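Here is a friendly walk through one model, heading by heading. Keep the viewer open and follow along.

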Amino acid sequence: QSTGGPVGTAVMGNWFCDKASVKNRGSIFGFWTCHQYMGDCTAALCTAIVLNGGYDYWWALFIPSVTNFMWGFLTMRLVADPIDMGIITDDVRIRMEKNAAKAAAGEIVDDNGPAPITYAGALRIPMVAQYALAFGFFKLTNYVLFFWLPYFLGKNFDPVQANLIAMLYSVGMMPGGIIVGYVSDIFGGRRATVIGVFMCCLIIFLSIFSTKSEELDASSLLVMLCIMGILVGGPNNIITSAVAADLASHPSVKGSNKSLGTVTGLINGCGAITAAVGLLAVGPLQDKYGWSSVWLYLIGCTCTGTLLMAPKIYSELFPPTVTTHSEIV
């Protein structure tokens with residue numbers, strides 16, 4: 001997560017920064033974020049094959065490790081910035097014009113690009129802190145479902161079946177990001193509103209899960225988990241990609257294409273800390289009050305994250321009226 005999320009998002013921001021890409025940012029990043037869940041699904045299938053084939057458990061760890069080394073070799077050949085290929089983007093053009101003006105004025109030009117912003121500077125960007133906290137609660141919901149589902153399903157299914165059924169949750173997360181990204185683009189980049197709708201739907205499904213989860217058969221679980229994957233995956237994918245890119249392009253850091261990685265890392269890091277602390281409560285809750293309490297706990301987390309985004313949702317639904325000079329006259 002320390003490399004794939006922030007660095008990958010920053011590289012995507014470098015390449016897709018023209019006006020057409022910004023207009024379709026949700027769809028672009030929605031499709032791009034599918035890659036991480038391809039890894040989840042591949043690992044789950046690998047584990048199922050290893051367990052079902054009677055192989056030693058360490059093969060389930062060795063195969064993904066080899067795959068990571070192979071992917072690392074490909075990543076080293078990644079071109080991080082289009083300027084390295086002679087492509088001049090709008091941000092680079094602005095920087096070149098500023099440097100030309102400095103040179104004409106007789107100043108010494110040191111073209112290292114804009115200075116990267118600090119974490120304190122990133123937190124001063126409007127809504128970054130709220131998104132970071134909200135993402136923590138959404139990520140906690142995701143982590144509980146991702147890590148605890150095989151254990152929960154293992155009560156009624158054998159390990160291989162439980163792993164494959166739980167994999168449907170990761171499968172659902174792939175189209176989730178695409179749907180949220182595409183719909184938010186249609187509505188003019190109102191991503192917080194779309195995320196809020198998805199989270200409200202997730203609360204309904206978690207409520208059903210809290211009362212009926214132990215009574216559902218395999219087919220019903222497959223459908224439920226796939227839909228829940230869409231509802232959780234969509235907001236999680238978009239917050240750490242398209243939303244982070246939106247925040248990093250705020251006028252307060254305009255011209256600094258080195259802000260996106262910091263903003264993404266900050267949101268990801270705060271989310272991981274919140275999720276890690278929140279996960280500590282799952283075991284004791286399940287032992288003392290049963291699985292229904294865990295689902296109710298997730299409902300509370302989802303509600304808290306959505307409420308943290310309420311100011312942004314309100315501003316998207318009821319944008320402030322801008323009074324022009326002609327109206328005053």
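## A salt-bridge network

Arg 25 and Asp 246 join their side chains in a salt bridge, at 2.7 Å from N to O. This is a predicted model, and here the pair ties together distant parts of the chain: Arg 25 sits in helix α3 (residues 25-32), while Asp 246 belongs to helix α11 (residues 218-248), 221 residues apart. Arg 25 is buried, with a relative accessible area of 8%, whereas Asp 246 is partly exposed at 27%.

Asp 246 also has a salt bridge with Arg 191, this time at 2.6 Å from N to O. That pair too links distant parts of the chain, with Arg 191 in helix α10 and Asp 246 in helix α11, 55 residues apart. Arg 191 has another partner in Asp 185, and the closest N and O atoms of those two are 3.1 Å apart. Is Arg 191 buried or exposed? Arg 191 counts as buried, because its relative accessibility is 4%, under the 20% cut-off. Asp 185 is likewise buried, with a relative accessible area of 13%. The structure holds three salt bridges, and a network of salt bridges links Arg 25, Asp 185, Arg 191 and Asp 246.

Helix α14 covers residues 291-308, which is 18 residues. The buried residues of α14 include Trp 291, Val 294, Trp 295, Leu 298, Ile 299 and Gly 305. Which helices do the buried residues of α14 pack against? They pack against α8 (128-153), α10 (191-212), α13 (282-289) and α15 (310-317).

Thr 306 counts as buried because its relative accessibility is 13%. Beyond its neighbours within four places in sequence, Thr 306 is in contact with Phe 138, Gly 196, Met 199 and Ile 313.

## Cysteines

How many disulfides does a search of the whole structure find? The search finds zero. Cys 301 is in no disulfide, since the nearest cysteine sulfur, that of Cys 303, lies 9.3 Å away and a disulfide needs two sulfur atoms within 2.5 Å. Cys 301 is buried, with a relative accessible area of 5%. Cys 226, by contrast, counts as partly exposed at 24% relative accessibility.

Thr 47 lies in helix α4 (residues 34-53) and is partly exposed, with a relative accessible area of 23%. Setting aside neighbours within four places in sequence, Thr 47 is in contact with Ala 60 and Asn 163. The C-alpha atoms of Thr 47 and Ala 60 are separated by 5.1 Å, although the two residues are 13 residues apart along the chain.

A nonpolar surface patch of about 980 Å² is also worth a look. Among the residues that make the patch are Tyr 55, Tyr 57, Trp 58, Trp 59, Phe 62 and Met 70. Leu 61 is another of the patch residues, and Leu 61 is found in helix α5 (residues 59-75). Is Leu 61 buried or exposed? Leu 61 is exposed, because its relative accessible area is 56%, over the 50% cut-off.

How values were computed: Residues are numbered from 1 along each chain as its sequence is written. This is a predicted model: local features need pLDDT of at least 70, side-chain atom pairs count only at pLDDT 80 or more; totals for chains, interfaces and linings use all residues. Side-chain values use heavy atoms; hydrogens and water are left out. Buried means under 20% relative accessible area, exposed over 50%, partly exposed in between (1.4 Å probe, protein chains only). Helices (H or I, at least four residues) and strands (E, at least two) are DSSP runs, numbered from the N terminus. Contact means heavy atoms within 4.5 Å. Patches are made of residues with over 30% relative accessible area and no salt bridge: like charges are joined within 9 Å, nonpolar side chains (Val, Leu, Ile, Met, Phe, Trp, Tyr) within 5 Å. Accessible areas come from the Shrake-Rupley method with a 1.4 Å probe; for residues, only the protein chains shown count as cover. A salt bridge is a side-chain nitrogen of Lys or Arg within 4 Å of a carboxyl oxygen of Asp or Glu. The expected span of a helix is 1.5 Å times one less than its number of residues.
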